[in-house]
Amino acid sequence: MKRKDFAGFYDKHVARIYKFVFFRVGGDKHKAEDLTQDIFVKALDAFDRYDPSVSESAWIYTIARNHIINTAAKERPQVDIEDVGHRLYQDWEGLSERLYDEGRLLEAIQKLPKDEADLVQMKYLEGWKYKEIAAITNKTPGALRVQMSRILKKLRKILKQK
Amino acid sequence: MNLIIKRRLNQLCKRAEPDRDFTVALKRHLIKKIPSRWHIHILKPVAGVATFAIIFGMTTGVYAYGSNSVLPHHLLYPVRTNIERMERALATDDPNDYADVALKHLEKRVHEIDVMDERSASVYEEDVRRVTTAVQRAMHAADALGDPRPYDVRIRNAEVRSASMLHSMASEHPALAHAISESAKDLGRVVWKMETKRKEVYENVSLRYEAELFGLVWSIEQGKVVVETEDVEQIISNMRSENVQEVIETTGVTDAVTVEPTQTETPAVEKPASAPVVSEPVTTSPTPEPAVKEPAPAPEPEPVSEPTVIQEPVTEQPAMTEEEIIRERLRRYFEKLRLQGKIE
């Protein structure tokens, strides 16, 4: 294994995986950092066995998801995005109306079906590309775009109701 | 409305960005776990440069060696001469291979002069010397072989061609006239020495063949065939007529020595029967001895009252058989070789 190869892989995915973990551990920064470190250590150990036919995003996503599931099973149930929204909102409590709107947005996302909420989270909160999400969900990027358009309409409707 | 939602989602995304200190520290921690292969980073470019140099060198060498464009004073001509030097060095173990290589290089030198003449290229003294050296080298290489005759013809042809071309070029390059003349002299001396030595070799080969044919024990001393002289007479004496005839036919001894039986009328005076004409056996002594002993002269006839008629003394000899004639021829043949210093 070459240092250069893994360094490039790390730079490409570290922010995304951190966010993935961050939104699943209730916005706990320190916990997110610990889990992100664990995930990339596992990735480093398995890097020589990586199959190039599988996309890198899908590969590291699978490692991250499995690690979070295993960790959560040991400690406590997976934190819902609502908790994240609360955490974020509480951290910036007293700030401007914009932050309040963002809190409401997170709550609205929580009201969506799980697969739609995951899609919104991966695309907009974690920064995944449609192509990468397609590799994980076995859907085409086009289908995901169409679905996302519908999700955003739903969110709009939810936000208008409140 | 969608844009507003998207914008807010993006803002949320940015708030969840990891700390830069954290990502840098984690990266450093992970990279340290990977073993460093610094030597590959150094050797890889070196290997790449070396590979390129080898390929480039091989391609250049092939072109320099085989192209008609690469003539003396061309930029790549030294590459050709170096390759040829290496060829000769690799062939030194086998005299036959070395002779082949030397001959090939000679023909190349002749070809180069030919092309230079066609293109009216400038010829210098070193070019003349180069050809002369190639001829000498080829001659010496062929001379080291047991039988250089297959190479002699090719060497001679190449030398004649090159001499002819150089002489014709001398008229266009007056400054070369002296160099060509000197080279011709040098070559002449070398050729004379070679041919003299070859002649001795060929004669020795011929003599060895004949000695073996006669069943003689022979050896080479100081470059000459030496036979045991006591054996010669014995063998000749022991030869049966048909064997002698075969030897005559094979060696052509009859051409070398002619022996005719002499029959003369003897006077009334008796005289002792003369011994058959024999030649002394060939000896190993360095001083030559007479080949044939003349029979004792007959006594002079007594004068008569009649007008004196001086008659030549005559010797009555018994008629020689054909076999004896042939044996005599053989003896005289060997005596001739001994007098010539070809055998001792």
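The side chains of Asp19(B) and Lys29(A) form a salt bridge, at 2.5 Å from N to O; the term stands for a side-chain nitrogen of Lys or Arg within 4 Å of a carboxyl oxygen of Asp or Glu. The model is predicted, so local features need pLDDT of at least 70 and side-chain atom pairs pLDDT 80 or more, while totals for chains, interfaces and linings use all residues. Residues are numbered from 1 along each chain as its sequence is written, chains are lettered from A and ligands numbered from 1 in the order in which they are written, and side-chain values use heavy atoms, with hydrogens and water left out.

Across the interface of chain B and chain A there are 3 salt bridges. In contact there (heavy atoms within 4.5 Å) are 28 residues of chain B and 39 residues of chain A. The buried area is about 3300 Å², with 69% from carbon and sulfur atoms; this is the accessible area (1.4 Å probe) that two parts lose on being put together, summed over both.

The largest nonpolar core has 60 residues, and Phe6(A), Val21(A), Phe40(A), Ile109(A) and Leu9(B) have the most contacts inside it. Such a core is a set of buried Ala, Val, Leu, Ile, Met, Phe, Trp, Tyr and Cys residues joined through side-chain atoms within 4.5 Å, where buried means under 20% relative accessible area (1.4 Å probe, protein chains only).

In helix α4(B), the buried residues are Tyr77(B), Arg80(B), Glu84(B) and Arg88(B); helices are DSSP runs of H or I, at least four residues, numbered from the N terminus. These residues lie on the same side of α4(B), because they cover an arc of only 75° around the axis, taken from the directions from the helix axis to the C-beta atoms.

Technical notes. Buried means under 20% relative accessible area, exposed over 50%, partly exposed in between (1.4 Å probe, protein chains only). Helices (H or I, at least four residues) and strands (E, at least two) are DSSP runs, numbered from the N terminus.
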